[in-house]
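Work through the exercises below with the structure in view. Try each task before reading its solution.

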Amino acid sequence: MGGSVVVGLDGSGNSVPAVRWGAEEAAARDLPLRLLHSWTSQPLNLPIAQEAENKKRFGAEVLAAAEATALELHPGMSVTTEQVSEPAADALVDRSGQAAMMVLGSRGHAAIAGFLLGSVSLHVLGRAECPTVTVREEETVAYGRPEVVVGVQEPGTRGEAVLEFAFAAAEAHHASVRAVRAWEPLGLRGYEPTAPAPSPGEDRAAVAEEKKLAGIVAPWRAKFPGVDVVEHVQRGRVAPVLLGACSQASLLVVGRRMQRTPMLLGPIVFAVLHHSFCPVAVVPRI
């Protein structure tokens, strides 16, 4: 994986876990870390004057503190900082074409209107050319749990970028991969833990889904022989199944379609971003 790990900083407390996570990711993959802050996109509730010079001075302090955090975790790491005048969303999307991945911070679950619902995050998540990872403010240890969960719904080559990212992340962090495939029998209207026992036809469908998942995962088992894999097929809607599977994971990896209009992110991606308690990587795919 070429490029750098780019962390977008808004100057709030949400940025600190993102810096830690980005630094760990850069170190594990032997990539440079790039810290970016837009002085024109600082949070409105920050206790600073509105003059441009004060905003730039504050931005320089944000970047210096973030760089110090990264180097404290990994002395000698290659870290560069960049303060820009263009809007944060535009700057991040522009640099995503040369980046290995982007990392964004977000508010915790207690927030009514979290960072993930803001225009900057939505724009970057929906337009970035590279994988974009969102890290909530509750995250204290990067890859504290040794499992990467990846949603496997797309057939053929359309899901390859998603699986490539998940297996590479697991290999870099000595974690296992849980490959999750959800399926819904005809007539199922939602996931119900107390649903009736499956019919013989549904049993056959479940076996077919297990074979399908095994076939999709097989090439990645061969490409990453050192990564343990759990194949997880579950009856239910995709978003609830993924959220249940990642409750004890370090990372959830999902894919998104490129150039989705007018909705930048599909309902499944939006749901897991909003409700997942672990970091979420959104990987663009064709």
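Buried means under 20% relative accessible area, exposed means over 50%, and partly exposed lies in between (1.4 Å probe, protein chains only). This is a predicted model: local features need pLDDT of at least 70, side-chain atom pairs count only at pLDDT 80 or more, and totals for chains, interfaces and linings use all residues. Residues are numbered from 1 along each chain as its sequence is written, and side-chain values use heavy atoms, with hydrogens and water left out.

**Exercise 1. Classify Leu-265 as buried or exposed.**

Step 1: find the place. Leu-265 sits in the loop between β9 (251-257) and α8. Helices (H or I, at least four residues) and strands (E, at least two) are DSSP runs, numbered from the N terminus.
Step 2: apply the cut-off. Leu-265 has 4% relative accessibility, so Leu-265 counts as buried.
Step 3: look across the chain. His-123 is 142 residues away from Leu-265 in sequence, yet their C-alpha atoms are 9.3 Å apart.

**Exercise 2. Describe the surroundings of Glu-82.**

Step 1: Glu-82 is part of strand β3 (residues 79-84).
Step 2: list the contacts (heavy atoms within 4.5 Å). Leaving out residues up to four places away in sequence, Glu-82 touches Arg-34, Leu-35, Leu-36, His-37, Leu-63 and Arg-95.
Step 3: pick out the polar contact (a pair of N or O atoms within 3.5 Å; within protein, one must be able to donate a hydrogen and the other to accept it, and residues adjacent in sequence count only if both atoms are side-chain atoms). The side chains of Glu-82 and Arg-95 make one at 2.9 Å.

**Exercise 3. Summarise the whole protein chain.**

Step 1: count the elements. The chain has eight helices and 10 strands.
Step 2: check burial. Of its 286 residues, 50% count as buried.
Step 3: check the range of contacts. Among contacts with a separation of 6 or more, 81% join residues 24 or more positions apart.
Step 4: Accessible areas come from the Shrake-Rupley method with a 1.4 Å probe; for residues, only the protein chains shown count as cover. The protein chain exposes about 13500 Å², and carbon and sulfur atoms supply 55% of it.
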